[in-house]
Structures are given as C-alpha cells and as structure tokens.
Amino acid sequence: MITAETGVYLQFFDEGESFDSELPPIGPFELLIIRHNRIIGDREHVEHDMLGAGSVERWLEAELELRRALGDEPGGVKRAHMRIRAPRGDIIVRFYDYAGDEAPKVPELGPFYAITVGKREVRADDKLLAIRATDMSPWTLTDSVRPGIAGINKADFSVFSLSARDPRAFAPPSPAVAATARTAPAASTEPAPAPVEVTYAEPQAEFVERRRVLREVYVARPEPKRDETLTPADVNLILRVDKLKQQELAEQLMIERLRREQHVSPEAALRTEALASVPMRFQPPVKERAAAEPVAAEEEEGEVPLAARILGLLWAGRLFIVTGLLIIAAISAYGYLKPRATAGNAPPLTFAAMGEKVTAAGWQYSVVSVERPVKVGATPATTGGYLIVHVTVSRKDPDAPIPDPSDFVLVDPAGARTLAFSATSDVYGPATGITWATRYALNATVQDFVVFDANPSTRGLRLLIRPANVEVRLPDP
C-alpha cells in the first residue's frame, strides 16, 4: 500500500545556523496562518523528522518552539526564521487581511517547493515575495513572481499545499479498483467499453476564524519589603530634631505675641527714626540707623527726575541694546537675501511617477512603495497615523553631501506641506526597525525610509524631492 504525504512541514532556524544545529521539521499542517510573528495551525497527526534523522531531544525542542509560536507557551519564539516545505513541492501562498480581506485582493501564488519567513522578508524558492519595515507593519508585495501586484499591502498570509486541499487528486487507486484490474480476463472478443472519465469537484475552502482564547498571564509577586528597625542612635537623633523644631516654633510664637501686644508691625524696625513706643529690642542696630540717615536726608532734599532715571538706565544697558540691534539687523538681512538666492538657483518644478529615477545634485532617487501604519515607536501621532515612504538612493558624485530626511516634503491636495521626521527622531532606530543610512557607496543602491506624521486616509498626496524640485504622486489608500 502506498501512503501519500500531504500538507506542509514547519522548521524553525536562525540565520547562519549550521545544518547540524537546526531543529527537525514538524508537521504536517493542512493550513498555516502567519500573523505578526504568530502562527495559527492545527495538525491531524504528529510527524517530526521526515528523514528519520532527528533525536528525541531535538524533537522535544522543536515541539516547544512550535508551542511558543502558537502562543500556548510564554516567552515567544527563540529562533527568528521559519522554513516551510512540502513533500510534493506544491506550496501555495495567499496574502490577505485576517480581520477582513479588503480590496485589492491578491491571487494565490505558487506552487513553490519551500517558503522562508524572516523578520522583514518572505522568500519562495529564493524569490522575494514581500517585505516590511517594522514587525507591526503590513507586508508589501513585490512583482518577482506575479507582475501587477507590486506595492499592495497585506497584513497576513496563509500557506498550504495543493495535495492537502484536494487529497483525492493525489490518492492512489483503491483496493477494489486494483482487484478488478487483476481479475479481468486476459483476452476478450468483445470490444472494451470506453473509459469513464471521473471528475472530482474541488471542495470549496471556506475560511472560519479561529476561536480566540484569552491566555492567562502569570505575574510574579514582588518581594515584600522588610521593616527596617531603628537603632537607639536613630531614635535619639529623631527626638533631638523634634525638640529643636518645637523650640524654634515656640520662639516664633512668642515674638508674634509680643508684637501684637506692642501694636507694632514688623516693618517698623526698618524705619530710620526711633519711635518712642518701640522697645529697643525691636529697633535696628546703631550702625544700620547711622547709614540710613544720609540716604533719607538726600531723599528729603529732592527727588531725581524721571527722565534722568530713564537716561541712566539706558546708559547702563548700552552694550546690551547695541548687541540686540545688531542681531536683529543680521537676521533681517539674512531673511531678505536667502529667498532671492534660492529662487535664482532652484530648477523648475517637474513631476515623476512611482519607480521613476530622479537625478539631482550628484544623487539618484526612486520612490518604491508607501506604508500607512497607525503606530511607530513611542512618538504619538497627531493626525491619527504615519506615512512611511520607501526611497532608494544611489550616489553618483563622491563629493556630494549626504542626504537628509529634510530633503523630502509631503504636499497634500490643498498645498499644505509637512516636513519629515529628522534622522535623530525616535522613529528611526533598532526599536522600530526603520533606519536612515549614513554611509553610501558610489553607484550602490541604498534603501531609506522617510517617515511623516500624516493621516492614513488622506488621498492625493505628493512627495516633493527638494534637491531636484520634483513631485511624485503617491498611491491612495
């Protein structure tokens, strides 16, 4: 009896890992759904090593890695890459949105022998199917396998085999048919009846959303803090501080009570003349009273005119006034001369299409695709989302200055302009997976990402490449 192997087999591995240290493949799966580094899939029966070469320890480690990927075990997967294979080489890939497939719909791709899923790319038989900028970004399809689907964004994709979808087409002949063929007469005078063509209706694959199970998260309780015991020295110090505070408070209360009884305000001690009703303990010292008498005599002789005071203040601050006037004059001259110099050197405004190469100032630019994620990094969006533009940059002049995200401006249909996040913003970094290159080899194509704070539902947006003064119309959502 011949056993037909159907379904797909899943294998976890790390990039650059040797063949001996790789985990054995596990399966078979009729259908695998990949959703943001999570896997959804069930097995009818358990198989591990199709070649029978794996040890029990490697099988157990592969099973544990699968349970982490399915969410049955905490901690997340330890190996960042997955390899999916089928014994018959009939893998089919379908990209869609798990929450509800939205237009445009992507046709099924395949068949393939093997699928490799990494953090940022999906490859089928060494052909690049899709890429993404961050772990939470949707997949952006390429035209390596099927033309006309480049630039389409889909959040999820499923993998299955044709033999698992329709096992009857790959099943061996039944025992009854084989027995009938063996018992048929060797020769017959009657003509053989015409063979009956049997057609099997392809079962309709209906997608049913899996029941969501709330995982119980266990959190370790913090270690209770131990009560710190006070030493006798600490107790004595606390009592001394409290006693000093009480003495200080008692002295302040006594002074306030004496002032209220004498009917004298606290400002009376600052007067130059000695009041007969003020006790000596509330009057200023003798030296302070002697120094205050000449000043009071000058004030009584006559007040300084207001104009003289103003002139004195202006003369005292003459250095600050002159410095401020010079700075204002320099800023005004710069603002007056800069627009004229820029207007004389800027090329006329032109337009280009997606994927078209634009050359200016020793650099060559090309807009590849657009993403519209809702969240990127820790910086909250003011318009409800972000816009990530994939741009390829190629250096043509070794002396040309390094490009910057400020060289790109987003223009809406009303003409309003939005500047891109600077290269020092937290949206660029290892945490988000979005990087801005700082080194460019001559005639080498480098992938850059330009991030804008823009509403994801806005239509009719254009990207202005300032060095070339060229606008590129971006695809609508």
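How many bridges pair strand S3 (residues 31-35) with S4, and in which sense, parallel or antiparallel? The two strands pair in the antiparallel sense over three bridges; strands are DSSP runs of E with at least two residues, helices are runs of H or I with at least four residues, and both are numbered from the N terminus. Two strands count as paired if DSSP finds at least two bridges between them. Within this pair, isoleucine 33 stands opposite isoleucine 40 in S4.

The model is predicted, with local features requiring pLDDT of at least 70 and side-chain atom pairs pLDDT 80 or more, while totals for chains, interfaces and linings use all residues. Residues are numbered from 1 along each chain as its sequence is written, and side-chain values use heavy atoms, without hydrogens and water.

S3 and S4 belong to an open sheet of five strands, ordered S4-S3-S14-S7-S8 with antiparallel pairing. Strand S4 (38-40) and strand S8 (109-112) form the edges, each pairing on one side only.

A further antiparallel pairing, over four bridges, links strand S6 (residues 81-85) to strand S9 (residues 114-117). Here the bridge partner of arginine 83 is threonine 116 in S9. S9 also runs antiparallel to strand S10 (residues 121-124), to which three bridges join it. Valine 117 has valine 122 in S10 as its bridge partner, and a hairpin of three residues leads from S9 to S10.

In total, the chain contains seven helices and 23 strands. Of its 477 residues, 31% are buried, that is, under 20% relative accessible area with a 1.4 Å probe, protein chains only.

How values were computed
Buried < 20%, exposed > 50% of the residue type's maximum accessible area, 1.4 Å probe, protein only.
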